[in-house]
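Take a moment to turn the model around before reading on.

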Number of protein chains: 2
Amino acid sequence: MARSTQQNRFRLANQILDVIRDARLEPGHHLREQQLADLVGVSRTPIRSALDLLAERGIVETRKNHGFFLRKPFDSLHRIEIAVPSTIEDEFYARLVRDRLENRIPNSITQSEIARRYKVDRVSLTRTLSRLAEDGLIARKQGHGWSFLPTLDSVVSLRASYEFRLTIEPSSFLLPTFKPDPGAIERMRLQHLYLISHPDIATVSSTQLFETDAAFHEMCAEFCGNAFFSQAIQYQNRLRRLLEFGSYFDSRRVREWCREHLAIIESIASGDLAQASGQMRAHLEQALRAAQTAQQHSRS
Amino acid sequence: MARSTQQNRFRLANQILDVIRDARLEPGHHLREQQLADLVGVSRTPIRSALDLLAERGIVETRKNHGFFLRKPFDSLHRIEIAVPSTIEDEFYARLVRDRLENRIPNSITQSEIARRYKVDRVSLTRTLSRLAEDGLIARKQGHGWSFLPTLDSVVSLRASYEFRLTIEPSSFLLPTFKPDPGAIERMRLQHLYLISHPDIATVSSTQLFETDAAFHEMCAEFCGNAFFSQAIQYQNRLRRLLEFGSYFDSRRVREWCREHLAIIESIASGDLAQASGQMRAHLEQALRAAQTAQQHSRS
DNA sequence: GATTGTATAATAATCTCCAATAAAACAATC
DNA sequence: GATTGTTTTATTGGAGATTATTATACAATC
């Protein structure tokens, strides 16, 4: 979907950075084009384009007839991630959802009304609408026009979302196919320790907080070895990005859930999955309460 | 999606038949255009077109300057449902999945290879591919081409699908928002009784059997009042249409699951949701076993 | 001989214009 | 005055050509 011009170049550049970090490459390392291409699964053409981008940013240098060479040490790349420029479509998606949640657009609307109102081209429009439809937020009416689905009522959906997660997440630990990945667990633990020990958690962007939270739950779902569970959790996270954004400013709650996550991580690591399951249940119940009060505040 | 030419006319005709049946209209009844249009949520134009279709089939008659009048009694319409002609895309979708399951096409393939092989136009092709992607069966590769996801391994997925359903379906009954619709229950009961008492169940098309089964599970999920549960079940049913098609020929098993469904319906009707939940669990475990043996047979 | 540089071919996305469909307005009929 | 018949207008879908992107083949360089 939505691979609008040039975006892919940025994504690829990031993947190359991942490779550099994972392989702990040092300055001066020769980045062979074909090798990278094979690793990522594309041809040399787009790899070159991405390397050019990295060269522009001074991360690699290019020597005529010799190719690209790393300039910076792998660990200095930790945070310079090349920001993937967000597409018009992503912004438009979020804007539509927010405008609907705050009742600035009617429940039922035609495509071209939206086009006029938001001044987007028809391609981005139809693509965004089908993404919204995929995500279960809107549905095409019979005949012309679209209407928003009740999912987009934040109070009801918040509850429903947690009820759904309370059903699937705790039981995912108890599946016979459950199999944790020690490496992933360790990375996740470090990330949480970093957050929890951070002197002033309020300075961490709420996006980053949210992504950590989401990644934790997706990791657990991955472990259970059942694609349907992880698919469902990914879907819930996409939704939560829209519904729960407000809840990520309470720094006391952030420390709390970090600790809850860490406790679950411990249980998984020690192999006590029944305990992990119970802890997950308690964590979700706690999180629902927090999200509900956050919602009330933002409403008043 | 996929509202290719004329399809809508058939769908609308069916909806009008639904209205006639639900309202128990008798021959001679005047079918007012605007009224139907409001009921269905479209304008008069497509309603007229659908009524014309019904007129062609002799179900309604048209009197100049007076409009359309019902010719047949509502209960005679029970089975003459106007068959919605299946689109090229639906068939193409199923064909692709089957060909992949039976390893007739490689795991990784470009759009235009498919286009050449199956001789479909570009629009249907991209639409079918994005439907497959939505359903989690294929994913776009970086660069050109698509690859099939492991979901399409029938043995693994069958188990995973039932594990997932075993987690959500029984608990859906226990949600505080659970609220059955007596009318829907009654219709479902009749449909099952019809099947079970059918002298020779083998003559009923397996599509029809499957749809009855799917409709039952979707109905239960609807009742729980949580859109995420019903969405998940709908998704599972779409998948099952592809994976379990073989299992619908064993007429003994069909009678069995009919009885299991009926027992659950009884429990719901009598308000004993805990019992319904337990029965659903047992039913799904039973169904998994049946599907697995069916799969083994079709494999040998 | 492995790797980069460059050209060419294949593939997929986008844009424009036109046709099909649906909505809305209005006239005609009972 | 309600309902159908007819026309007009708006909206959406679709085919073809164009452009951007990716894959591939091959020459040049070290």
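Look for Asn226(A), which caps the N-terminal end of α10(A): one of its side-chain oxygens lies 2.9 Å from the backbone nitrogen of Phe228(A). That's a polar contact, meaning a pair of N or O atoms within 3.5 Å; within protein, one must be able to donate a hydrogen and the other to accept it, and residues adjacent in sequence count only if both atoms are side-chain atoms. Chain B has its own version, with Asn226(B) capping α10(B) and a side-chain oxygen 2.9 Å from the backbone nitrogen of Phe228(B).

Before we go further, some ground rules: this is a predicted model, where local features need pLDDT of at least 70 and side-chain atom pairs count only at pLDDT 80 or more, while totals for chains, interfaces and linings use all residues. Residues are numbered from 1 along each chain as its sequence is written, chains are lettered from A and ligands numbered from 1 in the order in which they are written, and side-chain values use heavy atoms, with hydrogens and water left out.

Now follow the helix itself. Helices (H or I, at least four residues) and strands (E, at least two) are DSSP runs, numbered from the N terminus. Helix α10 of chain A covers residues 227-243, and its 17 residues should span 24 Å at 1.5 Å a residue; the end C-alpha atoms are 24 Å apart, which agrees. The expected span here is 1.5 Å times one less than the number of residues.

Which parts of the structure do the buried residues of α10(A) pack against? They meet α7 (154-172) and α9 (206-223) of chain A, together with α7 (154-172) and α10 (227-243) of chain B. Contact here means heavy atoms within 4.5 Å. Among the buried residues of α10(A) are Phe228(A), Ile233(A), Tyr235(A) and Leu239(A); buried means under 20% relative accessible area, exposed over 50% and partly exposed in between (1.4 Å probe, protein chains only).

Over in chain B, Arg240(B) is found in helix α10. Is Arg240(B) buried or exposed? Arg240(B) counts as buried because its relative accessibility is 2%. Its side chain is joined to that of Asn237(B) by a polar contact of 3.0 Å. The cover over the buried residues of α10(B) includes α7 and α10 of chain A, along with α7 and α9 (206-223) of chain B.

So how do the two chains relate? Chain B can be laid on chain A with an RMSD of 0.6 Å by a turn of 180° and a shift of 0.0 Å along the axis. The two copies are thus related as by a two-fold rotation axis. The same surface serves both: 100% of the contact residues of chain B recur in chain A. This superposition is by least squares on the C-alpha atoms of residues with pLDDT of at least 70 in both copies.

Finally, the strands of chain A. Two strands pair if DSSP finds at least two bridges between them. Strands β4, β6 and β5 form an open sheet in the order β4-β6-β5, with antiparallel pairing. Since β4 (108-109) and β5 (138-140) stand at the edges with a single partner strand each, one side of each is left without a neighbour in the sheet. Three bridges link β5(A) to β6 (residues 146-148), and Ile138(A) stands opposite Phe148(A) in β6(A). Elsewhere, β2 (residues 60-63) and β3(A) run antiparallel, joined by four bridges. Their hairpin has three residues between the strands, and Asn65(A) takes a positive phi near 65° there.
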